[in-house]
Amino acid sequence: MTSVDRQAAAPEPQAVPVPPTGPVPPPIWPAGVAYQHVEPDRFTRFVLRVHARAPRWAVPLAAVGCVGLGMAYALLSNPTHSAPDAPPTCLLKLTTGLDCPGCGGTRALWYVLHADLPAAARHHFLFVFALPFLAYLFVAWAGNQAFGWRIPELRLSPKVLGGFLAAWLAFSVVRNLPWAPFTSLYV
């Protein structure tokens, strides 16, 4: 007998809603509703297998490798020495002539790696300001992931993050203004 051949079950009696007297409870999923499990594709299964077999220090090590590659690029390319008539490598600056929000970041990193913080701040002040916070967040995350360290996490509220992003936007606009006090921010 198939599901089509079965007789219809008698409808269940409907409950009469009673107005709540206290706080309203969260909505409850309909009883008896089952969602079909979707089988992952071949690539997802591969990634899940690799993740299950990888040691817990592998992801922080990969992140350190990516940061190291970025530092090596900044050191080897030496972005502070370029020909005066060389075209800019940033697509926004090449097409519009405006400094993008990250413009000067590679030069600032180069100066940070050479311990020249005033020159780094001259090229991208907000990068130099955010660098200690980013380093602490990374060490706390990587230490917890790789070694189980319990370093206090830096909890940033949405207001603080929004304020930082607003300051970055304001900095990006102000550094492109063509008037006298703002032209010193050109990079």
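**Exercise 1. Find which helix gives the largest share of the lining of the largest pocket.**

Helix 4 does, with 3 residues. Helices are DSSP runs of H or I with at least four residues, numbered from the N terminus. Helix 4 spans 105-113, and helix 2 spans 58-77; each supplies at least two lining residues. The model is predicted: local features need pLDDT of at least 70, side-chain atom pairs count only at pLDDT 80 or more, and totals for chains, interfaces and linings use all residues. Residues are numbered from 1 along each chain as its sequence is written, and side-chain values use heavy atoms, without hydrogens and water.

Now take the whole lining. It has 21 residues, and P79, P88, T89, C90 and R107 lie nearest the pocket's centre. A pocket is an open set of points on a 1 Å grid over the protein atoms alone, where a 1.4 Å probe fits, with protein on both sides within 12 Å along at least five of seven lines; lining residues have an atom within 4 Å of a point.

**Exercise 2. List the residues of the largest nonpolar core.**

Start with the members: A108, W110, Y111, A119, A120 and V128. Such a core joins buried (under 20% relative accessible area, 1.4 Å probe, protein chains only) Ala, Val, Leu, Ile, Met, Phe, Trp, Tyr and Cys residues through side-chain atoms within 4.5 Å. Next, sort by element. Helix 4 and helix 5 (117-123) each give two or more residues. The largest share, 3 residues, comes from helix 4.

**Exercise 3. State which residues W110 is in contact with, leaving aside its neighbours within four places in sequence.**

Contact means heavy atoms within 4.5 Å. The partners are A74, L75, N78, P79 and T80.

Conventions
Buried means under 20% relative accessible area, exposed over 50%, partly exposed in between (1.4 Å probe, protein chains only).
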